Amino acid sequence: MLPEIYHLPFPMPYHGITVEQSLESLEQLFKADVDPARVAAIIIEPVLGEGGFYAAPPELLRRLRSVCDAHGIVLIVDEIQSGFGRTGRMFAIEHSGVEPDLITIAKSVAGGVPLSAVIGKANIMDAPGPGGLGGTFAGSPLACAAGLAVLEVMREEQLLARAQDIGRFMSSRLKGLAVSFPCIGEVRALGAMVALELVKNGKADAPDAELTRALVQAAGRHGLIILSCGVYSNVIRFLAPLTIPDALLKEGFRLFELALEEVAGGGVKAKAAG
Ligand SMILES: Cc1ncc(COP(=O)(O)O)c(C=O)c1O
């Protein structure tokens with residue numbers, strides 16, 4: 001319901017969308033639709049969540065930072081899915097070296113206890129006066145205690161390093177599967193934020209939403225809950241808890257492979273024949 005929100009294409013090498021195209025769209029937007037002097041903020045997910053697990057190229061983030069600096073625009077990164085160690089750094093934006101003005105966080109921040117937060121530069125965070133920000137659940141002592149405990153566990157169990165290990169394991173298993181299953185168009189990973197994109201006949205422009213739905217259901221029948229995402233509903237995302245033991249991770253993958261074989265079996269033959 002908010003007026004004046006504009007969307008730009010997100011760079012996706014697999015679909016031929018480049019950083020230059022995204023930036024040209026921004027330039028066009030500033031010329032034709034909205035004066036940059038009137039733009040309050042640019043909001044970006046450093047790795048698209050619901051949008052399909054595409055990582056923003058560091059070059060895009062650096063250029064957006066310069067655009068924001070040039071026009072006095074606030075750069076907000078939404079790390080609600082990508083933050084809190086998921087990508088092997090505390091925040092995914094750190095991979096680019098870009099410093100945002102605000103970061104939104106939720107989900108992992110309190111290990112499942114409902115909590116969301118905004119982190120930001122003092123000049124913005126201190127702008128509202130006392131009582132200027134409120135909400136029914138704001139400052140919930142239970143959720144804040146859970147948030148502090150999460151930080152302790154992350155340090156003690158070295159979950160940033162663990163995210164890298166989990167990510168390496170998952171991508172190598174998925175890349176192995178991609179060799180024999182032509183329906184796997186691409187495997188993408190930044191740390192433990194891992195996804196595979198399912199397509200028809202190995203073609204990037206032929207998303208296979210039907211197969212994706214069937215795979216989610218088949219995995220469920222084997223006792224494994226997986227989630228899809230993506231604008232075309234053809235991406236399977238892997239977001240194992242960073243505290244997952246190796247044995248459980250391997251078991252999860254075994255079940256995933258069973259489900260994949262069930263819905264897209266004969267992959268080896270199909271690839272060899274095709
Ligand atoms: C990247 C991202 N941003 C924002 C949200 C919404 O978060 P909240 O429910 O805390 O408002 C979600 C929820 O899935 C999300 O994945």
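Guide: What follows starts at the ligand, moves to a neighbouring side chain, and ends with a helix. Keep in mind that this is a predicted model.

Start with the surroundings. The residues around the ligand are E45, D78, I80, Q81, A106 and K107. D78 has a side-chain N or O atom 2.6 Å from a nitrogen atom of the ligand. Q81 places a side-chain N or O atom 2.8 Å from a ligand oxygen atom. For K107, a polar side-chain atom lies 2.8 Å from an oxygen atom of the ligand. How much of the ligand does the protein bury? Taken alone, the ligand exposes 400 Å², and the protein buries 55% of that.

R237 lies in strand 8, residues 235-238. Is R237 buried or exposed? Its relative accessible area is 9%. The cut-off for buried is under 20%, so R237 counts as buried. Leaving out residues up to four places away in sequence, R237 touches E50, F53, Q81, V194, A195, L227, S228 and C229.

Helix 4 covers residues 141-156, 16 residues in total. At 1.5 Å a residue, it should span 22 Å. Its end C-alpha atoms are 23 Å apart, which agrees. Which residues of helix 4 are buried? They are A143, A146, G147, V150 and M154. These cover an arc of only 105 degrees around the axis, so they sit on the same side of helix 4. The general rule is that an α-helix has 3.6 residues a turn, so residues three or four places apart point the same way. On the other side of helix 4, P141, L142, L148, R155 and E156 are exposed. The cover over the buried residues of helix 4 includes helix 5, residues 159-180. Just after helix 4, Q158 takes a positive phi of about 45 degrees.

Definitions and conventions. Residues numbered from 1 in each chain as written. Predicted model: local features only at pLDDT ≥ 70, side-chain atom pairs only at ≥ 80, totals over all residues. Heavy atoms only, no water. Helix = DSSP H or I, 4+ residues; strand = E, 2+ residues; numbered from the N terminus. Expected span 1.5 Å × (residues − 1). Buried < 20%, exposed > 50% of the residue type's maximum accessible area, 1.4 Å probe, protein only. Arc of directions from axis to C-beta. Contact = heavy atoms within 4.5 Å. Near = heavy atom within 4 Å. Polar contact = N/O pair within 3.5 Å; in protein donor to acceptor, adjacent residues only side chain to side chain. Areas by Shrake-Rupley, 256 points an atom, 1.4 Å probe, with all protein chains shown as cover.
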